[in-house]
Amino acid sequence: MSGDRTSESGPLAYADWRDRLEDGELVGLECRSCGHVTATPKRACIDCGDRILDTCSLPTTGTVHSETTITVPPVGFEGPYQVGVIDLGETKLMGRIRGDEGVEIGASVEFADTVELDGMPAPVFEPVE
């Protein structure tokens, strides 16, 4: 088992992921053993369990895999608003979807901004015309 190995560049910590997201960059982790890509920081590959994960850039455009509208938002947010799971090709990422019209499953979207609550940012996507 490879549990004691670490990536040469070190694992992508949440703080690094958050800083890069706020700077307008989508990054994830790619497993060296199986090539599985995740869009958020993990300590081990969720597919094979290996701990050697390299930071990789993710595409900033994708398609809406699933979506829903939050009509009763949590404290700190105004609603209603739409959220979705965005298919970025090798991985998927959940984020807010901006736009007055709303989007349908299969619509093209691009990473546009972040929304933050209590120091925890989340990506915001908007429709691509």
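Some ground rules. Residues are numbered from 1 along each chain as its sequence is written, and side-chain values use heavy atoms, without hydrogens or water. In this predicted model, local features need pLDDT of at least 70 and side-chain atom pairs need pLDDT 80 or more, while totals for chains, interfaces and linings use all residues.

Strands pair if DSSP finds at least two bridges between them. Strand β6, residues 92-97, pairs with β8, residues 120-127, in the parallel sense over 2 bridges. Look at Arg-96: opposite stands Val-124 in β8.

Now the open sheet. Its 3 strands have the order β2-β1-β3, and the pairing is antiparallel. Strand β1, residues 27-31, is joined to β2 by 2 bridges. Leu-29 has Thr-38 in β2 as its bridge partner.

Last, the cavity. On a 1 Å grid over the protein atoms alone, that is a set of points where a 1.4 Å probe fits but cannot get out; lining residues have an atom within 4 Å of a point. Leu-29 and Thr-38 are among the residues lining the largest cavity, and so are Cys-31 and His-36. Which strand gives the largest share of that lining? Strand β1 does, with 3 residues.

Terms used:
Helix = DSSP H or I, 4+ residues; strand = E, 2+ residues; numbered from the N terminus. 1 Å grid on protein atoms, 1.4 Å probe; cavity = no way out; pocket = protein on both sides within 12 Å on 5 of 7 lines; lining within 4 Å.
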